[in-house]
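Please examine the structure shown below.

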Amino acid sequence: MTASALNGLQGKAHESLLDTLYDAPCNPDAWPRFLDQLIEATGSRSARMLVMDRSAESVKSSIKRNIDDTDHQAYVSHFVNTCPWRPELKRKAPGQLYSSYLDFSCPQKQFYQTEFFNDWASRQDIHHGVCGTVWQDEHQTVQLLIQRARGQGHYQRDETDQINELVMHVRRALRLQTQVNALDHTRMALEQTLEIQAQPFALLTQAGTVIHISSEAAGLIAELPMANISDNRLTLLDPRQQGELMRLLRDITRPDNGPGGLITLALPNDQRIRCLVSPLRGNPLSQHYSDTRQPLAILYFQDPRTEVYVDLECLMQLYGLSEAESRVAAGISRGLGPQQVADTYQLSVHTVRTQLKSAFNKTGTTRQSELAKEILTSPAARHWRSPELLLSRSA
């Protein structure tokens, strides 16, 4: 029995090992540190964790300590399936580690005659190990392997048992990491959904609390002298406009939500940003906030310095519009009236009004302002802002 192995899994060293282990689900960089501590605590030479496919045939990713990069790559590419313990390991119950000396049918003398030992393990003075499946779900298998050199001796029964007391914590940490990864995946998907909104926007509660704001909208608000976000609340410094904002938020977050409205906000250069306040209900984003305890409003910010281009092909695919109907709808979204659209395309105003009526039906709108909002907040709208002229990199 190697006393250092048992002592290293007790007291403050054991507490430090657990601290590192439970840091790993939110900080994957902690896993290599855990292996370093595990090597020291168990009086071992090296350690590896392998994330494999469900059948444990191939390695998807791995971490290792005290094993040369080239040797590890050779192991992953070939020698992983030449290890004489591996076929038997697949049949052993998961959730614990097994001593290669005590728990496998391959005796040590036979191990020394294998390709695995002679072409791989002997070069690194690896003679003994404990290994096992520490986590498994429908997609993957995670195995932990710890190795000793000849002079360190094999893992005895009481050592293996004490190491296995740690394995349940490894399982919990891996389970937590899969949950954290799932939450991160959901968050990233939501952020991608949020950022495809065509206009800069913010989501607010009835009280004006900001639930989410796009980076473009946050940048615009930072430029407004009469607006700010403080303590996660949007505030307009003009009392009249602040009162109008709160009225609109109350109106559109009622069960029978109102239509919303428009607030014009001044920029320092006498230009104005139009802020369209609308109910979130009915917006594709609403499904991502279905568990929110209170109804939300969505604020769209229209920057006059941003040029708007409407992708007609995208518009046709989104709403089933004809090419002619798409041109009319795009013109209305740019602020043109039916007569101006007619003059632009050399059509009669009667033809334009007929196409406009068809566009209303296909987009589920009834007024030109509703059609413009529908188009400008759809993926068909492309926004581009000309960069400022800089005469030097330090300007």
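T20 counts as buried, because its relative accessibility is 8%, where buried means under 20% relative accessible area, exposed over 50% and partly exposed in between (1.4 Å probe, protein chains only). This residue lies in helix α2; helices (H or I, at least four residues) and strands (E, at least two) are DSSP runs numbered from the N terminus. Leaving aside neighbours within four places in sequence, T20 is in contact (heavy atoms within 4.5 Å) with A30, R33, F34 and Q37.

This is a predicted model, in which local features need pLDDT of at least 70 and side-chain atom pairs count only at pLDDT 80 or more, while totals for chains, interfaces and linings use all residues. Residues are numbered from 1 along each chain as its sequence is written, and side-chain values use heavy atoms, with hydrogens and water left out.

F34 also belongs to the largest nonpolar core, a set of 28 residues in which W31, F34 and I146 touch the most other members. Such a core consists of buried Ala, Val, Leu, Ile, Met, Phe, Trp, Tyr and Cys residues joined through side-chain atoms within 4.5 Å. Helix α3 gives the most to this core, with seven residues. A second, separate core holds 24 residues, including A202 and I252.

R33 forms a salt bridge with D23 (3.1 Å, N to O); the term denotes a side-chain nitrogen of Lys or Arg within 4 Å of a carboxyl oxygen of Asp or Glu. The pair joins helix α2 to helix α3, its residues standing 10 apart. D23 is partly exposed at 30%, and R33 is likewise partly exposed at 38%.
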